[in-house]
Each structure stands twice: as C-alpha cells, then as structure tokens.
Amino acid sequence: MSAVLIRHAGHIVTMDDSARTLEDHDILIRDGVVAAIGHNLPADGITCVDARMCVVTPGLVNTHHHLYQSLTRAVPAAQDALLFGWLQTLYPIWSRFTPDHMFVSAQVGLAELALSGCTLSSDHLYLYPGAVRLEDTIAAAAEVGLRFHPTRGSMSIGESAGGLPPDHLVEDEAAILEDCIRVIDAFHDPSEGSMCRVGVAPCSPFSVSRDLMRDAAVLARDKGVMMHTHLAENDEDIAYSLAQFGCRPGQYAEDLGWVGRDVWHAHCVKLDASEIALFAKTGTGVAHCPCSNCRLGSGIAPVRAMRDAGVPVALGVDGSASNDAGNLVAEARQAMLLQRVAQGADAMSAQEALWIATRGGAEVLGRSDCGRIALGARADIAVWDVSGVASAGSWDPAALLLAGPTTVRDLFVEGRQVVRDGHLTTIDLGATLERQRSLAMALAE
C-alpha cells in the first residue's frame, strides 16, 4: 500500500491517551496505520495532502444504525408518532424489502456517514423479508469502503403472541440462531485492523422471547462476538417491561446475561440510578442516539450521569426513518447541546462530545486499534476544512462542534482515501441516489 502524508495540519485533535491537540503537524500513513506524527516529515515519493486551515480528527464511530431505513425517511403517517406507533406504521412497508432494497439503502446510509466524518459504523438489521440476508449490507460496506460492524438482528414474537411486529415478519428462533452461526463463520474477522466484525443482536424485549435473548448471549460468547439490542428507549418501553417481565429493563438484561464489556445497548433514555450503576460495574456500553430520541419524543438520555458513573458511552445516528438524517458530527453536537439543556451550559464540552464520537465509540465496539490518532493506530482519519463560512471567525477551530463544518473535506479508512474534496471516491454516488429514489418511489406507491 502506498504511503500518504497529511501535511501542516492546522490542528490535530488526537484523542490519544494524553488528549493532545497538536498544531502545524504532519501525519504519515503507511500500510493502513499511523506511522509517524511530527513537524516537517520527509515527503519524498509520498502522496501529500495539504491540511493547512484544517482540523484533523480520528474518524468518527457510529455505534447504532438501521441502514435499511434510508429508504423510508419522512413517511407522512409516521412523522409525528411515538415509538410503538411509529414501528407499527413502518413494519408493513419494510416487509416488502428485497436484497436490492437492503444493498442500495446501506450504500446511501454509509455514504452519508462517510461525508460526515464516520470511518467505522455498526448496523442493526433485525428483519429479513423474502431473500434478504445480512451479507446484502456487508457487500454495500465493502464497496463504500467503511469499516463495518454488522449485527445479525432478529424478531421472533409477533402480534398474536403479544409482541409488536406483525406475525409475517418474525422468524423461527432455531433458524435465527443457525443463521447467526452462518454469518459469523463466513464474515467475522476478529483480527486487528479488521474491516468487518459481526455481532448478535435480537431486536428488543418487545419482539423476541426470553429464551432467544438467553440463547443468543450463550452463542455470542461461544463465538467471541459482541452483543447488541435496544433497551429502555422510552416510557412505553419501561411500561412493557414492567407489565410483561415484572422488572425494569436493566434487571431483565442482567437476568438474561446481557451485561458486560461485550454488550452495548441502544438508547437507554430511561435508565434509572440503579441501572446506571449496574452498567458502570459491568462495563456495559450505551449507544446514545440524541436526534432520534428527540424526533420520537423519547426524552433526554442521562449521559452526564452515565459518564460520571463510568458507563462506556458512544454515539449512534439510529435509523433514517427516525432521525431522519445520518450525519454523525451533527449527532455529536446534538449530544452536547442536550446535556447542556438538561444540566447546564458546563455539562458537556465540545471536546468531550467529540471524544464520545471517536474514542468512546471505538471503546464501546471493542476497537482499541481505532478512535485515536497515535503511532500504530489504524489510519482512520477525518480532515475538516475550517476556512469556509461555517467556521469563519472561530477563535478555536479545534472546538469543531461549536462552529462546524458538518461535512469532511477528506476521509481516510485504513489509509485509503474514501472522500476527497468532499466527494466519495469509491462509488458513483449520483447513480446510487438515482436508484434509491426509484426504489423509494415504488415503495410509496
């Protein structure tokens, strides 16, 4: 692999162990890793990228998404619904998806993330109508060029058995577990620098059985992969848990083996003090999705309390049917602003929110090789041009979340340039968007 030298970066926000911000430094990328950081590094025979008037950060990490939902943004009947009603409106639409829908929507969702500075994304695919398979999204990520953590989600309890999804959209539990084994064996790469790691992810307490949750945890730990689900998203979620299980979501998760450093839960808006203490004690991670939580009226997650207690917290854009955007740097800004609204202007700094969006996300996903700019770390790097109108007059360009921009100029994943001068280099985005529009129009009709 050829080397790349990012030269004369105005500011480098490293997110390394010392939380250094460097000025007028170079970064040498070689063989997919950061090979050197310093002043005026030798440039002979090396591809150079001029980063004057730029802020350079680690690539952002997205820990919760439903990429297929980029085909169902702003659906009129779902625009003003709470979580359960929103789901019941959209399930019939999603049940018509084919592998082509999954592939194209994943490409568009990942392209949107890349342009917002994201280099590593998870995805939670929990419905498999027709011939849909998890590898439809894995193939899309490989073409876009992002580091990918797909999770084999599932739903097994339909409406007739007291669940939320329609019966025709749920799967047999034995078949779910069998397919989890298949995709892990076929696609999971646990090595350092891996571009694809597979997780196990039953959808939620209101769409799968206790037995499936328990069996999925046993399977995941036997295979050495991570576990993910939705938890404590809103008041309806809490009420369902109390009515159906006789306990709060945190106890439900603990009873079934769903706590630990190999587990991360999405949302957790309604965790109480005892549940926060449980997550802190066990190292259980949280994917905070502030824009989606606002859009669905779910509430403001207690991120300040979680962080202060020692809970590993990361960010997720959630699906594009509930956000309805997929811009990760905008998500980090929203996380910062919501904590300030709830707790005061000093509740979260721009630097802390950016840490959550980079190093925090990498740690929640178990990626000690990502999320920072340091010698030997993977070369996942975002270059933000701060010479434009979004940050004009900013006294501290490194405080990126206060003044922008919200799209990257350049993006490197494993040392490969995925975005150059604000444009994807890996796929024909115009043609992909045209295909996306055609599929979305057919669904609407």
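This is a predicted model: local features need pLDDT of at least 70, side-chain atom pairs count only at pLDDT 80 or more; totals for chains, interfaces and linings use all residues.
Student: OK, and where is T151 placed?

Tutor: T151 belongs to strand 8, which covers residues 147-154.

Student: Is T151 buried or exposed?

Tutor: T151 is buried, because its relative accessible area is 1% and the cut-off for buried is under 20%.

Student: Which residues does T151 touch?

Tutor: Skipping residues up to four places away in sequence, T151 touches D123, H124, L125, Y128, L134, G199, A201, H228 and W264.

Student: Switching to H230. Which strand is H230 found in?

Tutor: Look at strand 10, residues 227-231; H230 is found there.

Student: And is H230 buried or exposed?

Tutor: Buried: the relative accessible area of H230 is 7%.

Student: What does the side chain of H230 make a polar contact with?

Tutor: One partner is the side chain of H66, at 3.2 Å. There's also the backbone oxygen of C203, which lies 2.7 Å from a polar atom of the H230 side chain.

Student: Which residues is H230 in contact with, leaving aside its neighbours within four places in sequence?

Tutor: The list is H64, H66, H124, Y126, C203, S204, P205, A266 and H267.

Student: Let's zoom out. How many helices and strands does the protein chain have?

Tutor: There are 14 helices and 17 strands in the protein chain.

Student: What radius of gyration does the protein chain have?

Tutor: The value is 21 Å. A compact globule with 445 residues would have a radius of gyration near 22 Å, so the chain agrees with that. Along the principal axes, the C-alpha atoms fill a box of roughly 65 × 45 × 45 Å.

Student: What share of the 445 residues is buried?

Tutor: Buried residues make up 62% of them. As for the surface, the protein chain exposes about 15900 Å², with carbon and sulfur atoms supplying 52% of it.

Student: What about contacts between residues at least 6 apart in sequence?

Tutor: Of those contacts, 75% join residues at least 24 apart.

Student: Last one: how far apart are the mean positions of the positive and negative charges?

Tutor: They're 4 Å apart, with 33 positive and 54 negative charges in the protein chain.

Conventions: Residues are numbered from 1 along each chain as its sequence is written. Side-chain values use heavy atoms; hydrogens and water are left out. Helices (H or I, at least four residues) and strands (E, at least two) are DSSP runs, numbered from the N terminus. The radius of gyration is taken over C-alpha atoms; the globule rule is 2.2 Å times the number of residues to the power 0.38. Buried means under 20% relative accessible area, exposed over 50%, partly exposed in between (1.4 Å probe, protein chains only). Contact means heavy atoms within 4.5 Å. Accessible areas come from the Shrake-Rupley method with a 1.4 Å probe; for residues, only the protein chains shown count as cover. Lys and Arg count as positive and Asp and Glu as negative; His and the chain ends are not counted. The place of a charge is taken as NZ of Lys, CZ of Arg, CG of Asp or CD of Glu. A polar contact is a pair of N or O atoms within 3.5 Å; within protein, one must be able to donate a hydrogen and the other to accept it, and residues adjacent in sequence count only if both atoms are side-chain atoms.
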